[in-house]
Amino acid sequence: MIDTVPAAIVGSNKTINAVSSGSTASSDPPGHQGYVPASLNLIVRERRLVATDMLLLHLEFADGTELPGYEAGAHLTLHLQDGLEKRYSLLFPHERSRTRYVICVKLEAAGRGGSRHIHSNLFQGSSVRVSPPENYFPLEEDAAHSIFIAGGIGITPVLCMALHLQALGRPWELHYAARSHEHALPLHGYDLAMERVHHYFDDRSEKVSVDDILENAPPSSHFYCCGPQGMLDAYRRAAQQLPTSVVHFESFGVPEIAPASGSMTVRLARDGRVFQVPASQSILDCLRAGGVELPFSCRQGVCGACETRVVAGTPEHRDMVLSEAERKANKTMMICCSRSQGGELVLDL
């Protein structure tokens with residue numbers, strides 16, 4: 001579960017200081033105008049299969065009152081059985097759906113069971129507990145032009161962004177790749193300007209060329225990508241020469257991280273304290289338990305909030321933020337998930 005503290009949110013492959021509306025639990029007391037509870041008890045108002053293995057769910061309060069707001073790109077965390085938590089992007093801008101959160105859940109046969117539980121157990125009238133919306137994938141509304149690249153279920157956050165920009169009258173285009181028409185989220189019926197949408201289907205041998213899209217983009221464009229790992233890798237390679245401020249991405253599935261092989265020693269360069277980090281604990285959690293105040297958010301290596309400078313030692317990088325060049329340089333690491341390749345790590349803390 002993401003800790004409900006003010007945190008840096010990823011807008012590209014670097015962090016920016018911002019907090020989305022409704023993204024954290026407020027310290028104000030219940031009844032105060034700014035109060036947002038740490039979790040919401042919602043019901044499934046509508047459930048509909050919209051594509052092969054894609055289930056659309058409308059969640060709302062039982063009495064239909066307005067839900068906490070959010071910005072385009074935000075997601076919900078659903079709390080399921082046995083402590084399992086799953087994140088799903090919100091499909092529509094808040095201004096379109098003030099009393100409903102709409103998410104799309106793809107059945108993942110190789111997943112950890114969250115999507116199977118939702119498909120098999122959440123029906124119309126079912127109750128579900130969720131954390132209020134959080135946003136690690138914010139939208140630059142004032143960009144001269146916005147280009148979205150999505151693969152499979154990665155369409156969900158960028159659809160929300162495109163609809164929001166369209167409502168603002170801002171220019172955008174969308175490139176959407178899927179296995180087939182039957183495996184794609186239908187985009188008709190949402191008042192989306194379909195002339196700006198480009199589809200690519202594997203069963204028609206249609207391949208999206210990320211290099212061509214970026215090369216032919218209008219000046220001052222911002223780019224957004226959400227999709228499978230292969231698409232993200234191609235996107236990050238193609239965007240290496242662009243300013244990081246215009247390159248935005250989100251992974252809809254955090255890669256499985258191998259278990260830690262053993263404990264490690266971490267030294268803080270500024271005060272000399274030494275921590276023995278057990279295999280069962282991250283560097284971030286160990287240092288925080290020792291009283292070190294640190295910025296953090298996702299705790300899974302996808303947001304970049306905990307990026308820390310490495311003074312000495314060789315990290316074992318396990319994040320989704322750093323580029324290959326940055327990893328080889330070993331100048332920084334994400335201490336929420338990355339570890340040491342051996343020997344003592346000295347951090348600029």
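Ser 146 stands opposite Trp 172 in strand β10. The model is predicted: local features need pLDDT of at least 70, side-chain atom pairs count only at pLDDT 80 or more, and totals for chains, interfaces and linings use all residues. Residues are numbered from 1 along each chain as its sequence is written, and side-chain values use heavy atoms, with hydrogens and water left out.

Strand β9 pairs with β10 in the parallel sense over 6 bridges. Strands (E, at least two residues) and helices (H or I, at least four) are DSSP runs numbered from the N terminus. Pairing requires at least two DSSP bridges between two strands. Strand β12 (residues 221–227) also pairs with β9 in the parallel sense, over 6 bridges. There, Ser 221 is the bridge partner of His 145.

In β9, 7 of the 7 residues are buried, so the strand is largely enclosed by the rest of the structure. Buried means under 20% relative accessible area, exposed over 50%, and partly exposed in between (1.4 Å probe, protein chains only). His 145, Ile 147, Ile 149 and Gly 151 point one way from β9. Ser 146, Phe 148 and Ala 150 point the other way. In a regular strand the side chains alternate between the two faces of the sheet.

Asp 191 has a phi of about 60° and lies in the loop between β10 (172–178) and β11 (197–201). Asp 191 is exposed, at 60% relative accessible area. Ser 205 also has a phi of about 60°. The loop between β11 and α3 (210–215) holds Ser 205, which is exposed at 64%.
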